[in-house]
Amino acid sequence: MNDLLLENSSTFHHNFPELLHKKKLGSWKKVAMQTGDSIRQLTREYKAYKARVVERM
């Protein structure tokens with residue numbers, strides 16, 4: 001699933017392919033700190049992003 005996400009970028013506030021790469025090196029908490037967002041906001045948007053990718057499958 002994550003490989004598919006990396007290939008499908010969407011029009012979201014964040015660049016999730018890039019953020020997923022950063023997450024592999026750390027955690028969502030660290031990624032949220034880097035982006036200046038709350039972890040809740042970031043994971044909510046990631047969930048929507050993931051749902052959109054699943055729709056396209």
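**Exercise 1.** Determine what percentage of the 57 residues in the protein is buried.

*Solution.* Buried denotes under 20% relative accessible area and exposed over 50%, with a 1.4 Å probe and protein chains only. By this criterion, 28% of the 57 residues are buried. The model is predicted: local features need pLDDT of at least 70, side-chain atom pairs count only at pLDDT 80 or more, and totals for chains, interfaces and linings use all residues. Residues are numbered from 1 along each chain as its sequence is written, and side-chain values use heavy atoms, without hydrogens and water.

**Exercise 2.** State where the buried and the exposed residues of H4 lie.

*Solution.* Helices are DSSP runs (H or I, at least four residues), numbered from the N terminus. Step one: the buried residues of H4 are Leu 42, Glu 45, Tyr 46, Tyr 49 and Val 53. Step two: these cover an arc of only 105° around the axis, taken from the directions from the helix axis to the C-beta atoms, and therefore lie on the same side of H4.

**Exercise 3.** Describe how H3 and H4 are oriented and which residues join them.

*Solution.* Step one: the axes, lines fitted to C-alpha atoms over the stretch in contact, with angles from 0 to 180 degrees between N-to-C directions, come within 9 Å and cross at roughly 105°. Step two: H3 and H4 are therefore roughly perpendicular, the class for 65 to 115 degrees. Step three: the contact (heavy atoms within 4.5 Å) involves Trp 28, Lys 29, Val 31 and Ala 32 of H3, and Ile 39, Leu 42, Thr 43 and Tyr 46 of H4.

Technical notes. Helix = DSSP H or I, 4+ residues; strand = E, 2+ residues; numbered from the N terminus. Parallel < 35°, antiparallel > 145°, perpendicular 65-115°, else oblique.
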